[in-house]
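Look at the sequence and the model, then work through the answers.

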Amino acid sequence: MGFLSLIKGGLSKTRSALLNEFKGIVGAGKITDETLETLEEHLIKADVGVEAAFILTDALREEALGKSLTNEEVISIMRSEAERLLSNPPPLELKNSPHVILIIGVNGAGKTTTIGKLAARFKKEGKKVLIAAGDTFRAAAIDQLEVWAERAGAELVKHQEASDPAAVAYDACAAAKARGSDVLLIDTAGRLHNKDHLMEELKKMVRVIQKHDPSYPHDIWLVIDGNTGQNTISQTKVFHQSFPLTGLVVTKLDGTARGGSVLSISSSLQIPIRWIGVGEQIDQLVPFEKEEYIEALFEDALSSD
Amino acid sequence: MKGALIFRRGASNYHKNKNFLLYYTIMFSQLTDSLESTLKKLRGQGTLSEDNIAESLREVRRAFLEADVSFNVTRDFVNAVKEKALGEEVLLSVSPGQQIVKIINDELTEIMGGTVKEIELGGASPFGIMMVGLQGAGKTTFAGKIALYMRSKKKKKPLLVAADVYRPAAIKQLQVLGKSLGIPVYEEGQGNPVEIIKNAKQYAIDNGHDLVIYDTAGRLQIDDTLMLELEQARDAVKPHEIFFVADAMIGQEAVSVAETFYQKLQFTGVCLSKMDGDTRGGAALSIKKITGVPVVFVGLGEKPSEIDLFHPDRMASRILGMGDVVSLVEKAQSVIEEKDAKDLKKKILNNTFDLNDFLKQLRTIKKMGRIKDLLKLIPGLNKLPLDQFDEKELVYVEAVLSSMTPKERKHPKIIEGSRKKRIAAGSGTTVQRVNQVLTQFTSMKAMFKGIGGMAKKNSGSTVGSNYTPPKQKRKKRR
């Protein structure tokens, strides 16, 4: 199933109302500061994100202020700006054996679910997948992951609840090497990025698995709830300061959220958006595709007139 | 405004200028600060007028949007502030900036509900509370927290009900939580949630529970099937309260989510989770404004005890980025013992404050949390570049102090070369670091000497009042 059709279902509900208004504003003659401000507001309302909205309208301000432009022209300026902002992630190469991926994020972002979906996906590609139950803090997180591992047909390494997550990760690396796994997905407990001790705990996990191999983990992906507002910026920035993130996963985009706030932070920190979560089913995680995402943002406006 | 201007200019240069982070930092500079500068020129202009406050209102708007307050709510709010501000005289005693901020603060507090909402636990027993919300909002954790709160503060005998039959291991999560709190959990495995909820109520009646908290599965507001299921569950047990749990970090989405949940379920209270993060939490405002339902509880951490009643006035300050003095004082109260504060006062007055006391103070401050977080609560200080503050500084100082013998701490003068070397080695630091700590202490002591002398001259009253711990103050008032 295409990425576009998956997110469109949810998006359409807010999108049509929004972009009808949008057409009204743009189609009303010369582009003035007021027009731009109204546009800005509508973009914000569409959860394109405050920064992204400013960036898009700033592009317009530079090129179009005082000019009379058609809808299509206005949209195409903003579209090309959005295209410059976003980039497709480089192809994911799981060339290491095992390829170790650490999944991190704040509480309730959807890390465990994402791991289940990723495992199923890699498994489908013929990989041998191992999962490390590194969330030893939250009640029943290990059981939750166990269910997902079973659904995905992946193996699981786990310890007791409340045990040291670094030890789980270390053992999982050893197991992955011994069993010849292609991919090792390490789950972690949710943590707010302003909790120093929890960030230290995560750093320790990384240090410990690097005892196996300094190249571990090959990827660190930050999972972000698509409903999150401006805090996305703070989350990404702070996690990125402590860990070089190699990708973002935006979840829960099957509702009315567009995850717009990820747009600007992904580009400013040059961290690609890798995956999009679009539902609770195991196959509802799809690779991010820039063209389709932009299409979804501007589609109605483009198909108009 | 300064920040905004720089951002705007920079934004279009964004591709040429990779230093984009800087713009974020500037953008998040505090609202009050920018208001001050835009309104400085208003001083002595007589009254606030549409023209002279336009710029500051734009600042307010931006700050609100950046705090995740919904767009429509922001617009209405700015208009309301404008109406109130127009025609007001520019007071000489305060700056126009402060004046506008006060209007905003009052308006915010009013929208947020003004006073703390306490749950009325009356009505037919058992009292029912149903938790609803999106996935990952924090319903299960909140269910546990509220159960604990009601047991310890309201002497209730709660029953937790595991009605999330969809998410893997959600039932187990509640069971583990219930077990750790010593609160029973009712479950029927992956059955029909409506039936489970109905049976749970009967179970509560049969077993003498006077409070039932139903934990339901997270769901999207556009999922009609699952929303209907909630309506059926509500009609089956008629809970006294339905709490909508929202992640404090939620963005513009808050409106669409809260609106639909409200339409379908008419929830009676809002619980904001993850308020211990660094979000401004503007969604709280949107939800209250749109549904009219007050925020009841906030979640302040991962532990079951980390829950608090919602204080609207403090939230207003947080959204505005004005610091939160009340929370700071409460934090201090919770860790500073009254006796310790008295002892400290005496020691300062008599100039007998030694390194033992210094170490004790240091540990007390540490108990209050991260210094960075504390500083953020102080108005004005929250705009410092706190990211640069190294929390480890205090760790070093503590390490140095801990490596001294009690005798050395009592008589720092005896610390000479070889002792310094031993302390440095013991604390894993350097002799320079040891010297640094000693110098800091000496200058602190000199300062205290001044205070003590002054206090004695004024028959001890000045310092006395300054050093009265908050707890003692409260007692006096009574």
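Q: Is Thr246(A) buried, partly exposed or exposed?
A: Buried means under 20% relative accessible area, exposed over 50%, and partly exposed in between, with a 1.4 Å probe and protein chains only. The relative accessible area of Thr246(A) is 27%. Therefore Thr246(A) is partly exposed.

Q: What kind of model is this, and how are its parts numbered?
A: Residues are numbered from 1 along each chain as its sequence is written, while chains are lettered from A and ligands numbered from 1 in the order in which they are written. Side-chain values use heavy atoms, leaving out hydrogens and water; local features need pLDDT of at least 70, side-chain atom pairs count only at pLDDT 80 or more, and totals for chains, interfaces and linings use all residues, as this is a predicted model.

Q: Why is strand β6 of chain A largely enclosed?
A: In a regular strand the side chains alternate between the two faces of the sheet. Gly247(A), Val249(A) and Thr251(A) are buried on one side of β6(A), and Leu248(A) and Val250(A) are buried on the other. The rest of the structure largely encloses this strand (residues 247-251) because of its residues, those buried are five of the five.

Q: Which residue stands opposite Val249(A) of β6(A)?
A: Two strands pair if DSSP finds at least two bridges between them. Strand β5 (residues 219-225) of chain A pairs with β6(A) in the parallel sense, over five bridges. Opposite Val249(A) stands Val223(A).

Q: Through which helix does the chain cross from β6(A) to β7(A)?
A: β6(A) and strand β7 (residues 273-277) of chain A run parallel, joined by three bridges. Leu248(A) stands opposite Ile273(A) in β7(A). The β-α-β crossover is right-handed: with the strands pointing away from the viewer, the path from the first strand over the helix to the second runs clockwise. The helix is α10 (residues 260-268) of chain A.

Q: Within what arc do the buried residues of α6(A) fall?
A: In helix α6 (residues 141-152) of chain A, the buried residues are Ala141(A), Ile142(A), Gln144(A), Leu145(A), Trp148(A), Ala149(A) and Ala152(A). They line one face of the helix, because seen down its axis they fall within an arc (of the directions from the helix axis to the C-beta atoms) of 155°.

Q: Which elements do the buried residues of α6(A) pack against?
A: The partners belong to chain A. They are α5 (111-124), β2 (129-132) and β3 (155-157).

Q: Which are the edge strands of the open sheet in chain B?
A: The order of the eight strands is β3-β2-β4-β1-β5-β6-β7-β8, with mixed pairing. An edge strand here pairs on one side only. The edge strands of chain B are β3 (185-186) and β8 (307-309).

How values were computed: Helices (H or I, at least four residues) and strands (E, at least two) are DSSP runs, numbered from the N terminus. Contact means heavy atoms within 4.5 Å.
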